[in-house]
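Hi everyone, thanks for making time. I'd like to walk you through one model, starting with a loop and then moving to a helix and one of its partners.

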Amino acid sequence: MLLEEQRFLHEDLERLEQGIADRIGDEPKQIRDRLARDHQIAQFLDRISSQSAKLLSIYRDADGSRSREIQQIGSGDPMDELYKQIADVKSFHSRYPNEPVENLERAYRPRRGPDADSEPSIVDTMFTGEEAFGRFFDLHTCHELFLNLPNAKRLSYLQYLDSFDNFVAGVGGLKRSEKLTDQYFKYVGQLALDLETFLRKTRPLENVDKVIVDFDKEFDAAWEKDEIADWKNEESSQKPSGTAKQPSSAEAVWCDDCEKEFKNENVYKGHLSGKKHIRAAAERARRLQGTSDEGGGGTSNGTSQGGTPTYRLKERAIAEREFRVKRLASAMSTERSDTRVNVERKQGMTERERQQELENLFSATAPTSQARDAEDGEENDDEDKIYNPLKLPLAWDGKPIPFWLYKLHGLGVEFACEICGNFVYMGRRAFDKHFNEARHIYGLKCLGVTNTSLFRDITGIDEALRLWEKIQKDKRKDKVDDGSVVQMEDAEGNVMPEKVYYDLQKQGLL
């Protein structure tokens with residue numbers, strides 16, 4: 001019954017398209033609901049692709065079964081064929097009486113109300129609590145792997161968020177030779193995998209596979225041209241045409257063996273006799289020797305069958321993962337900055353506040369059943385209203401701060417500033433900060449004041465104008481006249497200023 005299967009596939013495709021259209025028309029407010037909708041649409045698109053492939057195989061009719069079925073229906077008696085198919089259907093259901101019938105309309109229809117509450121969401125088990133349904137990164141596992149690397153800097157989690165995609169030797173503390181270990185390869189591979197998984201979870205409607213392929217093509221082109229900054233071929237860098245690393249200043253000296261910059265020539269010469277430099281020079285010479293053996297023909301211990309050194313293949317694998325991490329981090333820069341702000345905010349919170357915030361997150365995103373009557377709805381609305389008769393400022397959780405904290409910071413004291421257009425600042429802290437803000441500086445410039453640093457704690461316009469006039473008057477008074485500096489002496493030995501001397505000389509008194 002290929003024709004019935006063909007009809008079923010066409011109906012399934014139409015139902016899927018209608019289901020996608022119904023979900024795109026709704027724009028959920030919560031990020032959890034939006035991600036659940038996007039993942040459902042992605043599942044529908046995958047099903048459309050698979051069902052379309054089955055339908056195309058039926059239309060191609062490689063074995064000729066579809067054409068035979070059409071010929072069988074058209075050549076014989078249609079009613080006999082109809083009754084035959086009905087008998088086949090009845091015999092099938094008699095053998096399998098409990099076989100469920102799939103309702104396509106109900107399967108793809110968006111669920112609302114009690115049906116939506118009873119169905120578990122796709123994204124509930126997809127994210128960790130730290131990720132907050134795709135808003136922030138959760139790189140604690142990668143941070144621990146980084147701290148366990150030999151010679152790695154002891155960076156805090158906040159510092160690690162700023163520099164996890166910066167693989168320069170001076171930032172993470174790892175040199176090029178120290179990256180050629182299995183432990184570092186496992187770390188950078190795990191970091192790239194976590195970022196790629198996070199991208200797939202937060203952007204289900206994007207073609208992530210195509211993005212990764214584009215990253216790999218870009219890396220292959222840069223590697224062939226030897227344009228990867230931290231992984232240039234050491235053999236080519238030894239040639240006169242090779243580009244060496246430029247020092248940061250004229251006196252600085254760069255050591256290729258240690259991959260480190262020294263402030264001047266004396267410090268550079270002093271480190272040449274150290275154990276670290278001797279060990280690094282020996283390792284680098286060993287790598288360069290393995291590269292030079294490549295031209296000797298055949299397969300040696302340092303080269304593979306293709307003529308590429310084995311260590312160079314390992315460098316390529318590590319560089320490829322580092323390149324992917326950089327591109328993925330740049331593609332998710334918004335989530336990265338939000339993660340940094342969230343970590344800084346959580347560092348100033350107690351454990352109880354963190355648990356309360358986590359509970360508020362899940363309670364806000366959890367589906368709530370509709371109220372059964374109007375009275376219950378009114379009671380819930382009254383409970384949601386915040387009681388704030390004293391008009392206290394709101395804290396991070398949307399509730400008023402305690403009254404004792406309000407009195408402690410003096411937030412009830414008003415400070416008015418005439419220069420800012422009689423703007424009122426609540427509390428001494430806000431009043432002291434506003435002298436460096438744009439509003440106050442703009443008000444002083446409108447009065448003609450250019451040096452605003454001398455006008456702190458001055459809020460009146462008349463007081464500011466008097467002070468500025470006094471400052472200008474003192475500047476004019478302290479200004480030295482060039483004519484009174486040069487001293488002249490007449491024939492009798494009388495000393496006088498240059499201006500007086502020339503005036504007396506013009507009058508003929510000298």
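Let's begin with D226, which sits in the loop between α11 and α12 (234-237); helices here are DSSP runs of H or I, at least four residues, and strands are runs of E, at least two, numbered from the N terminus. Before going on, the ground rules: this is a predicted model, where local features need pLDDT of at least 70, side-chain atom pairs count only at pLDDT 80 or more, and totals for chains, interfaces and linings use all residues. Residues are numbered from 1 along each chain as its sequence is written, and side-chain values use heavy atoms, with hydrogens and water left out.

D226 is not a glycine, yet its phi is positive, about 60 degrees. Most residues other than glycine have a negative phi. D226 counts as partly exposed, at 23% relative accessibility; buried means under 20% relative accessible area, exposed over 50%, and partly exposed in between, with a 1.4 Å probe and protein chains only. A132 also has a positive phi, near 55 degrees, and lies in the loop between α6 (114-118) and α7 (140-147). A132 counts as buried, at 6% relative accessibility.

Helix α11 covers residues 208-224, and its 17 residues reach 25 Å from first C-alpha to last, close to the 24 Å expected, which is 1.5 Å times one less than the number of residues. Which residues of α11 are buried? They are V208, I212, F215, D216, F219, A222 and W223. Seen down the axis of α11, they fall within an arc of 130 degrees, so they line one face of the helix; the arc is taken from the directions from the helix axis to the C-beta atoms. The face turned away carries the exposed residues K217 and E224.

What do the buried residues of α11 pack against? They pack against α10 and α15. From α15 (residues 310-331) I'd pick out R324, which is buried at 17%. Leaving aside neighbours within four places in sequence, R324 is in contact (heavy atoms within 4.5 Å) with A192, E196, I212 and D216. The side chains of R324 and D216 also make a polar contact at 3.0 Å; that term means a pair of N or O atoms within 3.5 Å, where within protein one must be able to donate a hydrogen and the other to accept it, and residues adjacent in sequence count only if both atoms are side-chain atoms.

Finally, confidence: pLDDT is the predictor's confidence in each residue, from 0 to 100, and its mean for the protein is 79.
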